[in-house]
Structures are given as structure tokens and as C-alpha cells.
Amino acid sequence: SAASDVYKRQPKNLAARFRKRDATLYREFTGNNIAELAQKYGLTQQRVYAILKAERARRGSGQLRFPGL
């Protein structure tokens, strides 16, 4: 059927693809390239900010964390 054909074309693991995109976007963020990232990934600047915030929270404080301190 047409409905099953549409379903078959859907990515198998959409959440994993978004996680990978979000992690890549986070790594590419330089501090002043929000507009560039938004255009590159076809997102709004607001969405880029939200992704960065979520990635920051997911990773914890990251760079400022030292083992044993």
C-alpha cells in the first residue's frame, strides 16, 4: 500500500540521527557562528540556541571539570 511505502522511506532511527547532528553542531560552535550553523543545518537561530543549551546540559560543565576536584 502507499502508506507502507511512505513508512519504509522513513529513517530507521530518527532520534539517533538528530543526536549525531546535535553533537556535530555543538562541536562546530565557535561562540559567534549561530547564524552560520542555522543556515548550514536548515534550522532557526532559536533552534540552534536550544540545541546548544541541551548539549551543554547533557555534557555537564565539560571543559571546567577535572577528575578528583
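Reader: How do helix H3 and helix H4 pack, at what angle and how far apart are their axes?
Author: In this predicted model, helix H3 (residues 34-41) and helix H4 (residues 45-59) pack at an angle of about 100 degrees, and their axes are 9 Å apart. Helices here are DSSP runs (H or I, at least four residues), numbered from the N terminus. Axes are lines fitted to C-alpha atoms over the stretch in contact, with angles from 0 to 180 degrees between N-to-C directions.

Reader: Parallel or perpendicular, then?
Author: H3 and H4 are roughly perpendicular to each other, a label for angles of 65 to 115 degrees.

Reader: Ok, which residues make the contact?
Author: From H3 it's Ile34, Ala35, Leu37 and Ala38, and from H4 it's Gln45, Val48, Tyr49 and Leu52. Contact means heavy atoms within 4.5 Å. By class, there are 7 nonpolar residues, 1 polar and no charged.

Reader: Quick check, what's behind these values?
Author: Local features need pLDDT of at least 70 and side-chain atom pairs count only at pLDDT 80 or more, while totals for chains, interfaces and linings use all residues. Residues are numbered from 1 along each chain, and side-chain values use heavy atoms, with hydrogens and water left out.

Reader: Back to H3. Which residues are buried there?
Author: Ile34, Leu37 and Ala38 are. Buried means under 20% relative accessible area, exposed over 50%, and partly exposed in between (1.4 Å probe, protein chains only). Seen down the axis of H3, the buried residues fall within an arc of 100 degrees, so they line one face of the helix. That arc is taken from the directions from the helix axis to the C-beta atoms.

Reader: And what covers them?
Author: The cover includes helix H2 (14-28) and H4. On the face of H3 turned away from its buried side sit the exposed residues Glu36, Gln39 and Lys40.

Reader: New topic: how many salt bridges are there?
Author: The count comes to 4, where a salt bridge is a side-chain nitrogen of Lys or Arg within 4 Å of a carboxyl oxygen of Asp or Glu. One of them joins Asp22 and Arg21, with the closest N and O atoms 2.8 Å apart.

Reader: Is that Asp22 buried or exposed?
Author: Asp22 is buried, at 13% relative accessible area, and Arg21 is buried at 17%.

Reader: What does Arg58 pair with?
Author: Arg58 meets Glu55 in a salt bridge (3.2 Å, N to O). Arg59 also forms one with Glu55, at 3.0 Å between the closest N and O atoms. Shared partners join Glu55, Arg58 and Arg59 into one network.

Note on methods
Helices (H or I, at least four residues) and strands (E, at least two) are DSSP runs, numbered from the N terminus. Angles under 35 degrees count as roughly parallel, over 145 as roughly antiparallel, 65 to 115 as roughly perpendicular and the rest as oblique. Ala, Val, Leu, Ile, Met, Phe, Trp, Tyr, Cys and Pro count as nonpolar, Asp, Glu, Lys and Arg as charged, and the others, Gly among them, as polar.
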